[in-house]
Amino acid sequence: MNNIKKNYLKYTLRICAVTMILLSITSCRHKDIDFDDVPMQEVKVLFEWDNAPDANPESMALFLFYNPIESPDSTLRYDFANNKGGIIKIPYGGFSGLAFNSDNTDWAHFRNSEDIETFEIYTRETTSLPSSGLKTRSLPRARDTEDETMVETPRMIWSARNDGMSLRKGERSKTLVFYPEDILCHYTVDITGIDNLSSITGTASDATLTGMAGGFLQGKKEATDTRHTLSFIMVKNEKSNSLHGEFLTFGESPKTRNPHKLGLYAILEDGNKYFYSFDVADQIYNATDPRHVHIVVNGLSLPEPVNEGSGFIPDVDDWESVERDIQM
């Protein structure tokens, strides 16, 4: 009986070990490939941070796109639980690589990922504002931007592309090197000189920016040709009578000059709600650095609350808005 138990235990452990190996291979695979028929070779992957010395992501993802003539429809994904790299097994052939951080990317969605030229990262549509939680479907919008989808802002991405790589039979050692860098645009927004700022309930307000790209082609380092509205939060500073916001974007499409409207949703202590929009296109187009844009709106007079301190906030259906376009 003891021998039977021992043999059964050994059999169970073997099954578990085989299962773990299969799972680990599957987690590195983007598309189904019959690995039994594909010769594999170990290579070393290095992530060098010369182009982003302050970056310190916890994990990295690597996509390899094989030459379709040598290996049709083969795109492989490998994941690393660090930002240094490691040893992986890959098939022989010619390929290109796309690497980026995989930590803090629960916001990120991907499509057209079979080709490095069409590999797109994008954010999902948002159904409620991040600060107030008001449903976006019933909100007022800036004029001529009502048809734009409102989406979340992206978070930090460091990315690197490496072309013309290959692994040939007979090579005993191979190292794939990638130099990730910041690929997103950094926007800051300040609304200064606000009268009656204290009438806004809470410590922050919701804001939007229209005409921005909804996705980014990582392989081409290019924003997509789309028009989306980004939602973000602006924090009150009653000492300076101002609102301040910071967020990341994919930027704007390089092919079109979209209208850009800054929208502010102000909910007052008495429950009244006001929507303001500002034309900030010139500030974006004329920014010294299109990847680091600072938008400034000076002068905004908010109405005094009718019943200050009531704390009553009506439902979104009760929204009474005033849209005020101000040409900067």
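Good morning. Please keep in mind throughout that the structure before you is a predicted model.

I shall begin with the chain as a whole. It contains 2 helices and 21 strands. Of its 328 residues, 46% are buried. If we take the contacts with a separation of 6 or more, 75% of them are between residues 24 or more positions apart.

Let us turn to the aromatic rings. How many aromatic pairs are there by the rule applied here? The count is 16. One of them is formed by F63 and F100: because their ring centres are 5.9 Å apart and their planes meet at 15°, this pair is classed as stacked. The cut-off for stacking is an angle under 30 degrees between the planes. F63 belongs to strand β2, residues 60-66, and F100 to strand β5, residues 93-101, so the pair ties together parts of the chain that are 37 residues apart in sequence. Are these two residues buried or exposed? Both F63 and F100 are buried.

A second example is the pair F232 and F247. Here the ring centres lie 4.2 Å apart and the planes are at 25°, so this pair is stacked as well. F232 sits in strand β16 and F247 in strand β17, residues 242-249; the two are 15 residues apart, and the pair links distant parts of the chain. F232 and F247 are both buried.

Leaving aside residues up to four places away in sequence, S231 touches T126, P130, M150, V151, T153, A207 and T208.

I now come to the charged side chains. The structure holds 11 salt bridges, and I shall present three of them.

The side chains of R111 and E120 meet in a salt bridge, with an N to O distance of 3.0 Å. R111 is partly exposed, at 35% relative accessible area, whereas E120, at 8%, counts as buried. R111 has a further neighbour: R111 lies over the face of Y122, 3.7 Å from the ring centre.

The next salt bridge is between R124 and E152, at 2.9 Å from N to O. R124 lies in the loop between β7 and β8, and E152 in the loop between β8 and β9, so this pair ties together parts 28 residues apart in sequence. R124 is partly exposed, with a relative accessible area of 49%, and E152 is partly exposed too, with 22%.

In the third, D163 pairs with R161, and their closest N and O atoms are 2.9 Å apart. Salt bridges that share partners join E117, R161 and D163 into one network. Both D163, at 41%, and R161, at 28%, are partly exposed.

D279 is buried yet has no salt bridge. Which side chain of opposite charge is nearest to D279? That side chain is K261, 5.7 Å away; a salt bridge would require a nitrogen to oxygen distance within 4 Å. What does the side chain of D279 reach at 3.1 Å? It reaches the backbone nitrogen of A281.

Thank you for your attention.

Note on methods. Residues are numbered from 1 along each chain as its sequence is written. This is a predicted model: local features need pLDDT of at least 70, side-chain atom pairs count only at pLDDT 80 or more; totals for chains, interfaces and linings use all residues. Side-chain values use heavy atoms; hydrogens and water are left out. Contact means heavy atoms within 4.5 Å. Rings of Phe, Tyr and Trp (its six-membered ring) pair if their centres lie within 6.5 Å; planes under 30 degrees apart count as stacked, over 60 as edge-to-face and the rest as tilted. Helices (H or I, at least four residues) and strands (E, at least two) are DSSP runs, numbered from the N terminus. Buried means under 20% relative accessible area, exposed over 50%, partly exposed in between (1.4 Å probe, protein chains only). A charge sits over a ring if NZ of Lys or CZ of Arg is within 6 Å of the ring centre and within 35 degrees of the ring normal. Lys and Arg count as positive and Asp and Glu as negative; His and the chain ends are not counted. A polar contact is a pair of N or O atoms within 3.5 Å; within protein, one must be able to donate a hydrogen and the other to accept it, and residues adjacent in sequence count only if both atoms are side-chain atoms.
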